[in-house]
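Open the structure in your viewer and keep the sequence panel beside it. The tour goes from one selection to the next.

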Amino acid sequence: MSGTRAPERAHIVCGVARVEFLVLSQEDVVAAGGLDMDRCLAVIEEALVLHHQGETILPQKSALHWSNDIDTDERLGRIMAMPAYVGGSLRMAGIKWIPSVPQNPSRGLPRGIGVVLLSDPETGVPVCFMDGTVVSAMRTGAVSGLAARELAPPGSSVLTLYGAGVQARTQLAGLERMLPELAEIRLYDPSPVQSAAFVEREQAGRPPIRVMDDPREAARGSHVLVTATMAPAPFVTAEWLEPGMLILSVSSFDPSLDAIEAADLLVTDDFAHETYHPSRPLARAEAAGLVTEADVVALGAILAGAHPGRTAPDERILVSPVGLGIEDVAWATAVYRQATELDVGARQRLWEEPIWT
């Protein structure tokens, strides 16, 4: 994306601000290109570079937890409120509200159910209220794809996915675009039913997806490991790290402290946001005195060319992308503008004339 776009404005009639905003259902988001991973990758790259350049505003997430235990997210779930502003060609403010409920799949519901509200940063007027579940999953896959493009070992051909849920689907979509020599996809999930369903849904048009019975064996000889699980305790240990391996820790507990310590390069999307969550890999490592912010590289710095990223083929790299509100606002903005161009969605009036000004 390039150029600068003026922020959205309320429609002004006879000096009175009549405010309408666009409402996008999940089906509308899909119709407006919400599943377009190629475009999502470009938009998220712009957002992360802007973040590195100081052209974003990113307050800490506000979290509703049902317990103070470190594993409360994995056991009981939580609700996150994630406000952000993104400049550049996007120039939009917004917030994602996303509950994550581990028990929901057994109820026939997604574990994560998000909504996004976008507002004109100049007037504060809402311009769009939309389903955020697709937005959230897609931007997560895009971040991993960008990290793999920059940090995967040369000639990476074997990808291992841990977890066969929704996140694994968008992880695969983002990664396969950035691993041009991908020849084998391995999958480990403790549920054989979940694994079989994943293969049936995702195999077509891709290299063979092998369901693995043992998580350790799934890692042997793999070039890129992606953990997207609800594991309540670490299982990726230092002995798993082979020369050149890239580990993408999308979920929290999967890498052990010795695995983090063994990595030659540590990367995250934002250190302060990563360490805000006590269960996240780098938060646990910081609490144990193993790392400081100076030991960790921002992905945006690598994308902007301010850091070289991988410097040797045998370098072992661990990336822990916590997920940022700027990513949600960026992709939601792109979808919203495409929906406007395609006349997708429904208009909803906030007021005909404000009762207080």
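Is Ala81 buried or exposed? The model is a predicted one. Ala81 has a relative accessible area of 12%, and the cut-off for buried is under 20%, so Ala81 counts as buried.

Stay with this residue. Ala81 lies in strand β5, which covers residues 78–86. Leaving aside residues up to four places away in sequence, Ala81 touches Lys61, Ser62, Ile95, Lys96 and Trp97. Ala81 and Gly325 are 244 residues apart in sequence, but their C-alpha atoms are 8.7 Å apart in space.

Next, select residues 158–162, which form strand β9. Here 5 of 5 residues are buried. Show the side chains. Val158, Thr160 and Tyr162 point one way from β9, while Leu159 and Leu161 point the other way. In a regular strand the side chains alternate between the two faces of the sheet.

Which strands pair with β9? Select residues 184–188 for strand β10, which pairs with β9 in the parallel sense over 5 bridges.

Last, select helix α5, residues 166–178. Together with β9 and β10, helix α5 makes a right-handed β-α-β unit.

Terms used. Residues are numbered from 1 along each chain as its sequence is written. This is a predicted model: local features need pLDDT of at least 70, side-chain atom pairs count only at pLDDT 80 or more; totals for chains, interfaces and linings use all residues. Side-chain values use heavy atoms; hydrogens and water are left out. Buried means under 20% relative accessible area, exposed over 50%, partly exposed in between (1.4 Å probe, protein chains only). Helices (H or I, at least four residues) and strands (E, at least two) are DSSP runs, numbered from the N terminus. Two strands pair if DSSP finds at least two bridges between them. A crossover is right-handed if, with the strands pointing away from the viewer, the path from the first strand over the helix to the second runs clockwise. Contact means heavy atoms within 4.5 Å.
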